[in-house]
Amino acid sequence: MDERKLQTFVTVAEELHFTRAAQRLYATQSTVSATVRALEQELGAALLTRTTRAVTLTDAGRAFLPEAKAALEALDRARASVEPPDSELRGSLALGSLSSLQTVDVAALAGDFRRRYPQVQSRIDISPRGSVGHVDRVKAGSLDLAFAVAEVGADPALVVQPLRTFTLAAFVPEGHPLADREAVGLADLAGEPFIEMPVGFAQRTIVDAAFADQQLQRWISVEVPDLSTIPQYVAHGVGVALLPTALAGADLPVRALPLTGAALRWTLSVVTAAGRPPSRAADAFLQLVPAHVRFGPHL
């Protein structure tokens with residue numbers, strides 16, 4: 001089993017697409033397919049399921065992926081041990097980010113990383129499932145690290161580095177019967193239509209759990225996958241929302257009211273997988289993150 005086969009499989013597993021993997025590897029699609037088939041024959045197990053519509057990992061592929069990445073990282077560290085100190089960092093980096101993330105200036109961070117380490121092949125993925133999708137992929141090994149909503153110690157399969165914690169408030173449009181209150185409870189909001197994230201997003205999970213804890217039900221009138229757009233729906237009277245206070249902008253006719261009887265908050269963190277050390281490229285990226293975290297009125 002050689003390094004080329006492992007790298008080819010890892011790239012296909014990350015992309016779940018042979019053409020995109022071939023582009024990343026500067027190879028033809030037929031070469032990539034043949035290399036993966038040769039690896040499967042060597043292992044005696046199918047690693048990928050191929051259809052005309054999609055490429056997916058088999059159970060064997062999901063089990064093999066983190067081990068293949070660990071083997072590649074070990075080879076990279078072995079080379080580094082005998083390279084001159086001024087050698088350029090090489091390798092690959094797969095990062096998961098969030099669509100409405102502004103707390104971290106991801107574009108500036110990615111640019112900073114690329115200028116410092118031009119030989120590292122980096123990729124940024126936006127998860128359609130929010131934090132849940134990224135966390136699953138970090139655990140599976142298809143992402144090296146991700147920005148996600150996660151708490152230290154909540155999941156032993158993750159190493160969590162907190163970046164910023166957000167407190168939720170009730171957002172109501174100006175002129176709403178609750179707008180002049182100094183604070184509101186969940187029971188005050190239970191009869192209102194809500195603007196909310198889709199099921200599976202961390203923000204939605206936290207709010208759903210809070211209502212369930214108080215044995216309250218609510219009606220979701222609109223589901224929006226981009227958290228930063230929800231205040232616009234509130235401003236137009238479509239519904240109310242529970243959102244981070246950082247989204248309370250002065251340019252919208254919206255009131256952000258403190259909550260009583262429930263302290264709702266979530267923490268944006270950068271997560272890596274526990275049980276296997278980050279690659280040298282991931283280590284280098286993590287060192288740059290703090291310089292690109294914003295602590296002003298940003299989500």
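**View 1. Lining of the second largest cavity in the predicted model.** Leu 93, Leu 95, Ala 110, Phe 113, Ser 122, Arg 123, Ile 124 and Phe 285 line the second largest cavity of this predicted model. Two or more lining residues come from each of β3, α5 (residues 106-116) and β4. The greatest contribution is that of β4, which supplies three residues. By class, six of the lining residues are nonpolar, one is polar and one is charged. The volume of this second largest cavity is about 50 Å³.

**View 2. The largest cavity and its surroundings.** Two cavities of 30 Å³ or more are found when the whole structure is searched. The largest cavity has a volume of about 110 Å³. Its lining comprises 13 residues, and those closest to the centre are Glu 73, Asp 144, Arg 276, Pro 277 and Pro 278. At least two lining residues are supplied by α4 and at least two by β13. The lining of the largest cavity consists of six nonpolar, three polar and four charged residues.

**View 3. The largest pocket.** A volume of about 670 Å³ is computed for the largest pocket. Of the 28 residues that line this pocket, Gln 7, Arg 90, Gly 91, Ser 92 and Gln 119 lie nearest its centre. The elements that contribute two or more residues to the lining are the helices α1, α2 (18-25), α4 (59-80) and α10 (280-288), together with the strands β3 (91-97) and β4 (120-126). Classification of the lining gives 13 charged, eight polar and seven nonpolar residues.

**View 4. The second largest pocket.** The second largest pocket has a volume of about 280 Å³. It is lined by 21 residues, with Leu 98, Ser 100, Met 197, Phe 201 and Leu 227 closest to its centre. Helix α8 (202-213) and strand β13 (265-273) are the elements that give two or more residues to this lining. In the second largest pocket, 14 lining residues are nonpolar and seven are polar, while no charged residue is present.

**View 5. Packing of helix α1 against helix α3.** The axes of α1 (residues 3-15) and α3 (residues 29-43) come within 9 Å and cross at roughly 110 degrees. The two helices are therefore roughly perpendicular to each other, as angles of 65 to 115 degrees are assigned to that class. The crossing of α1 past α3 is left-handed. On the α1 side, the contact is formed by Arg 4, Lys 5, Thr 8, Phe 9 and Val 12; on the α3 side, Val 32, Thr 35, Val 36, Ala 38, Leu 39 and Glu 42 take part. Six residues of this contact are nonpolar, two are polar and three are charged.

**View 6. Packing of helix α1 against helix α2.** Helices α1 and α2 pack with their axes 8 Å apart, at an angle of about 130 degrees. This angle makes α1 oblique to α2. Helix α1 passes α2 in a right-handed crossing. From α1, the residues Gln 7, Thr 8, Thr 11, Val 12, Glu 14 and Glu 15 meet Phe 18, Arg 20, Ala 21, Arg 24 and Leu 25 of α2. The contact contains four nonpolar, three polar and four charged residues. Gln 7, which belongs to this contact, is also one of the residues nearest the centre of the largest pocket.

**View 7. Packing of helix α1 against helix α4.** The axes of α1 and α4 come within 9 Å, with a crossing angle of roughly 130 degrees. Glu 3, Leu 6, Gln 7, Phe 9, Val 10, Ala 13 and Glu 14 of α1 meet a set of α4 residues made up of Gly 61, Phe 64, Leu 65, Ala 68, Lys 69, Ala 71, Leu 72, Leu 75 and Arg 79. The contact of α1 with α4 divides into ten nonpolar, two polar and four charged residues. Phe 9 takes part in this contact and is also among the α1 residues that contact α3. Both α1 and α4 give two or more residues to the lining of the largest pocket.

Terms used:
Residues are numbered from 1 along each chain as its sequence is written. This is a predicted model: local features need pLDDT of at least 70, side-chain atom pairs count only at pLDDT 80 or more; totals for chains, interfaces and linings use all residues. Side-chain values use heavy atoms; hydrogens and water are left out. Axes are lines fitted to C-alpha atoms, for helices over the stretch in contact, and angles run from 0 to 180 degrees between N-to-C directions. Helices (H or I, at least four residues) and strands (E, at least two) are DSSP runs, numbered from the N terminus. Angles under 35 degrees count as roughly parallel, over 145 as roughly antiparallel, 65 to 115 as roughly perpendicular and the rest as oblique. A crossing is left-handed if the near helix is turned anticlockwise from the far one by less than a right angle, and right-handed if clockwise. Contact means heavy atoms within 4.5 Å. Ala, Val, Leu, Ile, Met, Phe, Trp, Tyr, Cys and Pro count as nonpolar, Asp, Glu, Lys and Arg as charged, and the others, Gly among them, as polar. On a 1 Å grid over the protein atoms alone, a cavity is a set of points where a 1.4 Å probe fits but cannot get out, and a pocket is an open set with protein on both sides within 12 Å along at least five of seven lines; lining residues have an atom within 4 Å of a point. Grid points are joined across faces, edges and corners, and a volume is the space filled by probe spheres set on the points.
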